[in-house]
Amino acid sequence: PVHAVMPLHQPERLETDVFFGSAVHGQPFGAELRAGRSGAHHLHLVIKARNGEHDGFQIVKPVRTTAQDVETQIYFAVCFQNHRTKVRNFVHLYAMKFRTEIEITSLGVKIGYENRVLALGSCFAAHIARKLAGAKFRVAENPSGILFNPLSIAAAIRSYADPAPVTRGELGFDGEVWHHFGFHGDFSAPTADEALQKMNAARQTGADALRTADRIVLTFGTAWVYERQGEAVANCHRRPAAEFSRRRLSVEEIVETFAELIEGPLAGKQIILTISPVRHTGDTLAGNAVSKAALRLAAEELAERFPDVHYFPAYEILNDDLRDYRFYADDLVHPSPQAVEYVWEKFSATVLSEQARRLLPDVRHIVVAAAHRPRNPQSATYREFCRRRLEEIAALPQIDFRTEAEYFRRCIEINS
């Protein structure tokens, strides 16, 4: 985008008006954009001066081509041509760039509707998982709840690989609810039996997801861990700080922990590794910077060491591409919905298979139709609308539309 222009030469006359959408002396008005030689774009306009004379107006903007491994040029020229005298005047403009866009090369792995995905890690993993689920991909998201540090993610994977039941002895009670230091607070409950039921169901869900998944999305949030009785906890559950010791994981510890998993329960699965762009200000900004650096180095080493590990630059997209607080939420650390959507666009363009990207508009059409609330659900028009959606669903058997199909069938039956 052009943020500022600086004219180096002024045209002879500035008292001109640009006309759009008609023609003068057989020549078109308005924006006529065509590609010129060397990949330049030529924007042709017709200008009418105050005295009634008509001049040609042409912008030539060099653009990047696939054959040119160079940065997009930021100089462009405006050419004014007097139709009476045929004299051309050039104005050279300089466009200042205030943004560094990230160009992501192919990761070497794709996600299609035939794949099954398990997403684990921080809240950023949850954002991507929900985008995938909204597009009707087969994805399981954080069965044990959000996990911030690599050791807790690794512990969850081990628990899914060998799903031993959670026992009452593993629970803690704070006077209000029963909790587990390996599960998010969403699984806590007023009674131990209720907590165990929720946690064991979640662990079994994770075991099923790990067994069937061929794509794993991991998001590391922080290298700082809190340990209790020598083990890293996934959640402190508001317990006194004196019960925990805090330390920062080394790059080597993270790499070796996941190397063991990649050669074990994650063997044969394609892994997409990301670093959460969310800043952990509770660790101080300096502490957060060191933490993210350790996570990024660990991710790089894992990607270099294992061909099935691929790094997606979500961290760089937000911190280097979208370097502005308008892309953050009110807390100034989490990405805004607009930023999440931007990262999803980058992710889908890079990671989703070509066939999946082609199907996305059709999928969205059906999902939106299922969320539509008709003015008269008992009308013959709406019943026909539901029948057409069922026909569209039948034409896409590779996509799991069971929820939507059941909704449309129910609407037809109830209103018949």
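Strand β9 (residues 116–121) runs alongside strand β13 (residues 215–220), paired in the parallel sense over five bridges. Strands count as paired if DSSP finds at least two bridges between them. Within this pair, Leu118 has Ile216 of β13 as its bridge partner.

A quick word on the source: this is a predicted model, where local features need pLDDT of at least 70, side-chain atom pairs count only at pLDDT 80 or more, and totals for chains, interfaces and linings use all residues. Residues are numbered from 1 along each chain as its sequence is written, and side-chain values use heavy atoms, with hydrogens and water left out. As for the labels, helices (H or I, at least four residues) and strands (E, at least two) are DSSP runs, numbered from the N terminus.

Zooming out, β9 and β13 belong to an open sheet of five strands, ordered β10-β9-β13-β17-β18, with parallel pairing. β10 (138–141) and β18 (309–311) sit at the edges with a single partner strand each, so one side of each has no neighbour in the sheet. On average, neighbouring strands here are turned by 20° against each other, direction ignored.

Now the helices. Helix α7 (residues 337–351) has 15 residues and reaches 20 Å from first C-alpha to last, close to the 21 Å expected at 1.5 Å a residue (the expected span is 1.5 Å times one less than the number of residues). Its buried residues (under 20% relative accessible area, 1.4 Å probe, protein chains only) include Val340, Trp344, Phe347 and Val351. Among the elements covering the buried residues of α7 are β17 (270–275), from the sheet above, and α8 (354–371).

How do α9 and α10 pack? Helix α9 (residues 380–394) meets helix α10 (residues 402–414) at an angle of about 150°, with the axes 9 Å apart. That makes the two roughly antiparallel (angles over 145 degrees count as such). Axes are lines fitted to C-alpha atoms, for helices over the stretch in contact, and angles run from 0 to 180 degrees between N-to-C directions. Residues making the contact (heavy atoms within 4.5 Å) include Tyr382, Phe385 and Leu390 of α9 and Tyr407, Phe408 and Ile412 of α10.

Technical notes:
Buried means under 20% relative accessible area, exposed over 50%, partly exposed in between (1.4 Å probe, protein chains only). Angles under 35 degrees count as roughly parallel, over 145 as roughly antiparallel, 65 to 115 as roughly perpendicular and the rest as oblique.
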